[in-house]
Structures are given as C-alpha cells and as structure tokens.
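Here are a few notes to read with the model open beside you. Have a look at it first, then go through the points.

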Amino acid sequence: MRRRPDTPSDAASAYDGPSKSQLKRDMHGLQDLGMELLQLTDAQLDNLEMDERLRDALRELRRLTSHEGRRRQAQYVGKLLRLADTAPFEIALNTLRDGKVRDNATLDEADRWRQKLMDDDAALEEWISAYPAGNTRQIRALIQDARRDREAESVPGAVKGRRVAYRELFQKVRAVLLASSPR
C-alpha cells in the first residue's frame, strides 16, 4: 500500500516515548544499581530510606547462590527500584567508592613512606616534621629492625620471608596516616 504524499509522516508528528531499547537499557541500569547496592552492609542498607519490600528483596538477592535465581531476583529488585527515588542510593554508593579510593591512596602513601624511611636516614626527620603525632621512638626501632631483616635476607643461606618488622613498620605508618587524615 502506498502512502499518499500529502500525509505527514507518523514519526515526525508524534513522539511515542522512549524506544523499547531505551526502556531495556534503563531496566538493566536499575538492575545494575541493585547489584551495586549489595556492596553496602546491612547496617548501611538499614540507614537508607527505602521501601521495606526493596530492603527484603536486596537481602534475598544477597542470600541467593543460583545463577537463575539471582537473575530473577535482580529483575525484581530493578522493578522495585523503578518505583523508588534512586538519588540516595547513588549518594551512598559514591560515598562507599570514595572511601575505597581514599583507603587505597592511604595504602599507597604508607608504602611510599615505608620505602623512603628504610632507604634514607633523612626521611625520618621529614616524617617527624610531617607527622609529629606519630610515636617516633617506635618508628625508629621498626626502621632499624626492618633494615636488619633486609640485610639478613641478603646473606646466602638465610631464611627468606621473615620480614616481620617490615610489615609492622607499614602498619604503624598506615595507622599514623589514617589518624592524621580528615575523614
């Protein structure tokens, strides 16, 4: 059947709403959000304001191990999320991500300080000026022990992997960095 040239095209005259593909993308996005919400602890989930059905569905999703069961439960969570305001969930997840990034940065900085303290004597003075609240006597002793352990490992026939002071120095440096960083 031929269309008459004087009739306006249906696509140009009316908007029928989002396409089926867009609706599917949105649905999968909500399911992904539900899966990300599983990263939150039960206490963090309880602090979020949400429908009790959604909270129960998330706990059930966490409990399930069957692939098909998890898939179907994730769809149900996505359906419940369509009815909810997702802004508080996004904020909670962003806060969680920021905390992980901050923790990783602290670990990297602690590792850099440990290496610097073990390699250079002047680094201890720099550490003391940067972090005066740290227990300098304990750090100084750990540096000496870690250096001694490193030298002992370099001797042929020495037992490898017994770097207790090396790990303790890292833990102490990390604790001082965490105590001094604003949360």
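Predicted model: local features only at pLDDT ≥ 70, side-chain atom pairs only at ≥ 80, totals over all residues.

1. Residues are numbered from 1 along each chain as its sequence is written, and side-chain values use heavy atoms, with hydrogens and water left out.

2. Start with Arg-147, in helix α8 (residues 136-154); helices here are DSSP runs of H or I, at least four residues, numbered from the N terminus. Arg-147 is buried, at 19% relative accessible area, since buried means under 20% (1.4 Å probe, protein chains only). Its side chain gets to the backbone oxygen of Leu-117 at 2.8 Å. Beyond neighbours within four places in sequence, Arg-147 is in contact (heavy atoms within 4.5 Å) with residues including Leu-117, Asp-119 and Asp-120.

3. Leu-117 also turns up where α6 (residues 87-119) packs on α7 (residues 122-130). The angle between these helices is about 135° and their axes lie 8 Å apart, with axes fitted to C-alpha atoms over the stretch in contact and angles running from 0 to 180 degrees between N-to-C directions. On the α6 side, Trp-113, Lys-116 and Leu-117 make the contact.

4. Now the cores: sets of buried Ala, Val, Leu, Ile, Met, Phe, Trp, Tyr and Cys residues joined through side-chain atoms within 4.5 Å. The largest has 20 residues, with Leu-40, Leu-54, Leu-58 and Leu-81 having the most contacts inside it. A second, separate core of 19 residues includes Leu-117 and Trp-127.

Terms used
Helix = DSSP H or I, 4+ residues; strand = E, 2+ residues; numbered from the N terminus. Buried < 20%, exposed > 50% of the residue type's maximum accessible area, 1.4 Å probe, protein only. Polar contact = N/O pair within 3.5 Å; in protein donor to acceptor, adjacent residues only side chain to side chain.
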